[in-house]
Each structure stands twice: as structure tokens, then as C-alpha cells.
Amino acid sequence: MTNEQVIKLDSEYMVQSYGRYPVAISHGKGASMYSLDGNKYIDFTSGIGVNCLGCADPEWVSATAAQLGEAAHMSNYFVSPKTAVLAQRLVELSSMKRVFMANSGAEANEGAIKTARKYSRDKYGEGRSTIITLINSFHGRTVTTLAATGQDNFHKDFGPFTEGFKYSPLNDIEAIKAAATSDVCAVMAEVVQGEGGVFPMTDKFAAALYELCKERDILLIFDEVQCGIGRTGKMFSWQHFDYIKPDIMTLAKGLGGGLPIGAFIVGEKCEFTIGKGQHGSTFGGNPVAAAGANVVLDKVSRPGFMEEVAEKGRFIADAIKAMNIPYLKEVRGLGMMIGAELISPSEGGVAAGDFAGLAFNNGLLLLTAGSNTVRLLPPLTISMAEIEEGLQIFKEIAHKML
Ligand SMILES: *Cc1c(COP(=O)(O)O)cnc(C)c1O
């Protein structure tokens, strides 16, 4: 098939929900992706934080292929060895208690929301079901996780939405305290907001939020779907804060290394909140995805791996700052979750979407986020040579856009 044929099929037969680039990707290796028409792209996106080991990691491929040859699926009336081992490792890595396996970030978040509400109802009865989320957050595309997402432009078109969410600004502890009325059962937040524009939570806010939640028996839910699994230079990004631990954490994107998987992990408080028959998922805990996830955890927890992620992240951020891009407003982030905010066109700057478009035309894949921010989520295993190659393109197009 040619590139044109694939693009034509998309435009004729698929729901037009994505503003896609006009290219069909055929394969990849590491942080290099190749299109059907033979172009090479340096990937600073990891398929939105998913391909954390890059494309076609040999150990990941052999582990998932081996599991495919044994059993691709077996229903949750049984548990596969790969899935049980994955649960054990997630519990050990997080010092939390138990794992529920799902297939996506939104589904993991739905499970976390259900768990938080049931915990509160079991203990306090009706009327304590509200969940505070943060302004600019992103929690998914289902009707409930759209309601949880603290961005007004997601609260259109698909109503009625699930009730029981209210929104408070990031890094403003007084606002959270004011919002934490007696009907609140949980606070759900990303430690580094991804889709909202790469905004990290401050240590001070995290510590105060943790104390507030502990004091009032409000559950603290961290959505680690994007910032988890080594992305920020720690296995889970809340591990940057010495003594903080969430009551519930959700994972997806990077966990599977390329296959669909999601999980929510509960600590002591919610260890037994969900009982038999109270939650489920046909594909959840799929053994092929779990086999891939075990390889991801193996590699990411190897000595020195996370330090390298932090180092490469700093290197990329510093390199962008040193490019003397006059319309660059700020570079922020944590580890290899990096946002380069541009001055907007209305203020004489450049649109992040146009920047990413030109990068694409020149062989570099970039994401955008929030208001006018170019977002970088390179594979955690990206080589220095690939980083240099990508940064060279970044610099060239940045100056072309002047
Ligand atoms: C991507 C994302 C989600 C949604 O994950 P899906 O797998 O697309 O459902 C939820 N929360 C955060 C923080 C995300 O980045």
C-alpha cells in the first residue's frame, strides 16, 4: 500500500476525530520512526508517552511474542502468571497494597473514582462523593473522566456529564482548602500536568495537599498516566517528594511500552474497598500487555536508568534554552517530560501547532499541549545521537520560523 492509499482510507472510513499528519507510519526502531513513503522521523513523542523503550525493543518484542504464542487472553476468571507478577512488582515499587488492571488511562481513572466514592460511602454514608480536580488537568475522554478534567472546553457537546467534580488551581493550597468542604471524598491530580501544558506541582503544594488530605480523610489520587513509569526520572513522579504517598494511583501510557494497559493501585485505606463483582474489565490485565509491562519495569528499574532519564531531560531542556529562540517564553518540566512554551502569535510569537507542523515536515515528531506549548516526551531509552539529531532539527526550524 502507498502512503496516499492509506490516507485515503482514513479520510473515507474513519471517524474524523484526529487532526492527523498526512503520513502513514510503517515501523520504527528506537526513537526513529519510518513512514510508508520512506521518510525517517526522530521521535520526541513516544506515541504520547507510550513507547517508553522506543520502538521494537528486542527484549520487549520477544517477551510479548512469547506470551502471544502461549495465550493471548484468558478472561479474568483466571489469572496469568505475567499479570500476577506485574501486580506484585507494581505493589513493591510503590509500597502500596493492591492493583486492579485495566486497559487505558481513562479506564484506570474511572476505577480510581469508583473506589474513592465507595470508600467514602462505606465509611461516611451518602453525601460525600465530590472529587476535587485541578484546573488545566486532563483525566480522559469518557463521560466521567471528561467531567473530571479541569478544562472548560472539554465540558461541551456531550452532556449531561457525571456530577460531583469541582476544580481548583494547581499549586494554590488555600484554594484547595476552601474547596475541601464536607462533601469532598478525594482530590485527584497529576504531579506534572501533561496535556494541560507541562506544569509540575511544587514540593510545597504537594506536602500541604498531602497533609490536608490525611487530616480530613480525603483520599489523594495521583493520575500518573503520563508522568509515571520513569518519565520524570522517578518510577512514579510523586517519589520526587520524600514522604508523600497517594491513597490511589493510576497508570497507563508508558506502563505497557506500546500495548494497551492501565492500572489503578490502592494503598492501605482502599485495600479492600472493591470486593467481588464490584468492578471488572474484560481485557484488563491482558497477559501479552502484562508481559510487555514486566520488561518495561525491568528496564526502567535497572540501576542508573532513571538518573540517565533525568540527565537527558536536563540536557534537552538546556539545549532548547541555549538556542536563542526569541519567541521562546519558558522551558519547564521534569525529567523527559518537557514543555517549551512559545509566545503566542497574537503577541508576535509563533503557534505551537505551526512549530510542530514544520518540525514534522523536517523529520522531527513533537507534541503540543495547553496554551501554545511544544511538548517533548522522547522514549526514555533515546540515544544521545538521536537526541542530538532531533535537537539539530528543532534548532533549524525554530530559526526558520522567525
Ligand atoms: C492520556 C491521559 C489520560 C487518558 O488516557 P487514555 O489511555 O487515553 O484513556 C488520563 N490522564 C492523563 C494524565 C493522561 O495523560
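Predicted model: local features only at pLDDT ≥ 70, side-chain atom pairs only at ≥ 80, totals over all residues.
Trainee: How do you know whether the radius of gyration of the protein agrees with that of a compact globule?

Mentor: The radius is taken over C-alpha atoms, and the globule rule is 2.2 Å times the number of residues to the power 0.38. For 402 residues a compact globule would have a radius of gyration near 21 Å, and the protein has 21 Å, so the two agree.

Trainee: Why is Asp157 called exposed?

Mentor: Exposed means over 50% relative accessible area, buried under 20%, and partly exposed in between (1.4 Å probe, protein chains only). Asp157 has a relative accessible area of 71%, so Asp157 is exposed. Its phi is near 70°, a positive value in a residue other than glycine.

Trainee: And what makes Ala56 partly exposed?

Mentor: Ala56 has a relative accessible area of 35%, which means that Ala56 is partly exposed. Phi of Ala56 is also positive, near 60°, again in a residue other than glycine. Buried residues, for their part, make up 52% of the 402 residues in the protein.

Trainee: What makes the peptide bond from Gly159 to Pro160 stand out for you?

Mentor: That bond is cis, with omega near 0°.

Trainee: How is the protein divided into domains?

Mentor: There is domain 1 (3-57 + 304-400) and domain 2 (60-300), with bounds that come from an automatic or database domain assignment. The contact between them (heavy atoms within 4.5 Å) takes 28 residues from domain 1 and 29 residues from domain 2. Their centres, taken over C-alpha atoms, are 26 Å apart.

Trainee: What makes a space in this structure a cavity?

Mentor: On a 1 Å grid over the protein atoms alone, a cavity is a set of points where a 1.4 Å probe fits but cannot get out, and lining residues have an atom within 4 Å of a point. Grid points are joined across faces, edges and corners, and a volume is the space filled by probe spheres set on the points. The structure holds one cavity of 30 Å³ or more, and the largest cavity has a volume of about 60 Å³.

Trainee: Which residues lie nearest the centre of the largest cavity?

Mentor: Of its 14 lining residues, those are Gly49, Gln226, Gly228, Ile229 and Gly254. Domain 1 and domain 2 each give at least three residues to the lining.

Note on methods: Residues numbered from 1 in each chain as written. Heavy atoms only, no water. 1 Å grid on protein atoms, 1.4 Å probe; cavity = no way out; pocket = protein on both sides within 12 Å on 5 of 7 lines; lining within 4 Å.
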